[in-house]
Amino acid sequence: MRIGVVSDTHMFGRGAALPAALVRGLQGTDLILHAGDWMDERVAALFEAIAPVDGVAGNNDGPEIVRRFGRRKVVELAGYRIGLVHGDGGRSTPETAYAAFRTKEGESLADVILFGHSHTPFHEIRGGQLLFNPGSPTDKRKQPMYSYGILTLGESVSAELFTYEDKSP
């Protein structure tokens, strides 16, 4: 299973278009997961034109996005538990995301944790658990490039980051 991973699009639906490099890169995905800060529910339709979409709301999303997606979830895909959270509300985004899927006993509720918030790509294996932040495909902030990820679920799990310079449609 090939899953597109995006976060922090910070887009408004009216007149918005996804970057051409992102649209090309997400072709052939079975699903797109968005880790929050869509900014407008209509942005989901832009991704749905490529593949089915699921995700969570971020700290900049309004009540309609929160109602539609929630703020945290675990989805089961290809036998893996995928945790989705934006990652806001703590001092360190990776630590906040990691803690969101730990029980009080310290056990993990997810095999993979996808998060955003910092706009900074992050890829780490911690205790056998993959933590992955795809950065932002439209709002790179201090990063040199725009980015998104592809999560591959098969006999094992892998995540790959893809970058591009031009965000024009």
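I take a salt bridge to be a side-chain nitrogen of Lys or Arg within 4 Å of a carboxyl oxygen of Asp or Glu. This is a predicted model, where local features need pLDDT of at least 70 and side-chain atom pairs count only at pLDDT 80 or more, while totals for chains, interfaces and linings use all residues. Residues are numbered from 1 along each chain as its sequence is written, and side-chain values use heavy atoms, with hydrogens and water left out.

**Entry 1: salt bridges**

For burial I use relative accessible area: under 20% is buried, over 50% is exposed, and partly exposed lies in between (1.4 Å probe, protein chains only). Arg42 has 41% relative accessibility, so I noted this residue as partly exposed. Asp40 is at 11% and therefore goes down as buried.

Next I turned to Arg126, which has a salt bridge with Glu95, the closest N and O atoms being 3.1 Å apart. This pair links distant parts of the chain, 31 residues apart: Arg126 is in strand β7 (residues 122–126) and Glu95 in helix α4 (residues 93–99). My helices (H or I, at least four residues) and strands (E, at least two) are DSSP runs, numbered from the N terminus. Arg126 is buried, with a relative accessible area of 17%, whereas Glu95 is partly exposed at 41%.

Arg126 also meets Glu124 in a salt bridge, at 2.6 Å from N to O. Glu124 is partly exposed, with a relative accessible area of 26%. I also found Glu41, Glu48 and Arg68 joined into one network by salt bridges that share partners.

**Entry 2: charges over rings**

I stayed with Arg126 and checked for rings. A charge sits over a ring if NZ of Lys or CZ of Arg is within 6 Å of the ring centre and within 35 degrees of the ring normal. The charged end of Arg126 sits over the ring of Tyr98, 4.5 Å from its centre. Lys140 lies over the face of Tyr146, at 5.1 Å from the ring centre.

**Entry 3: aromatic pairs**

For ring pairs I took Phe, Tyr and Trp (its six-membered ring) with centres within 6.5 Å; planes under 30 degrees apart count as stacked, over 60 as edge-to-face and the rest as tilted. That gave me five aromatic pairs. Trp38 and Phe69 have ring centres 4.6 Å apart and planes at 10°, so I logged the pair as stacked. Trp38 is in the loop between β2 and α2 (42–48) and Phe69 is in helix α3 (residues 63–69), so to speak distant parts of the chain, 31 residues apart. Both Trp38 and Phe69 are buried.Tyr148 and Tyr164 form a tilted pair, 6.2 Å centre to centre with 45° between the planes. Here too distant parts of the chain are linked, 16 residues apart: Tyr148 is in strand β9 and Tyr164 in strand β10 (residues 157–164). Both Tyr148 and Tyr164 are buried. I then found Tyr146, Tyr148, Phe162 and Tyr164 together in one aromatic cluster.

**Entry 4: strand β1**

Is strand β1 buried or exposed? Four of the five residues of β1 (residues 2–6) are buried, so the strand is largely enclosed by the rest of the structure. For partners, I count two strands as paired if DSSP finds at least two bridges between them. Strand β9 (residues 146–153) runs antiparallel to β1, with four bridges joining them. Val5 stands opposite Gly149 in β9. Strand β2 (residues 31–34) runs parallel to β1, again with four bridges. Ile3 has Leu31 as its bridge partner in β2.

**Entry 5: His34**

My last stop was His34, which is in strand β2. With 0% relative accessibility, His34 counts as buried. I looked for its polar contacts, meaning pairs of N or O atoms within 3.5 Å; within protein, one must be able to donate a hydrogen and the other to accept it, and residues adjacent in sequence count only if both atoms are side-chain atoms. The side chain of His34 makes such a contact with the side chain of Thr9, at 3.0 Å. The His34 side chain also reaches the backbone nitrogen of Gly36 at 3.0 Å.

Which residues is His34 in contact with, leaving aside its neighbours within four places in sequence? Taking contact as heavy atoms within 4.5 Å, I listed Val6, Ser7, Asp8, Thr9, Phe47, Asp54, Gly55, Val56 and Leu84.
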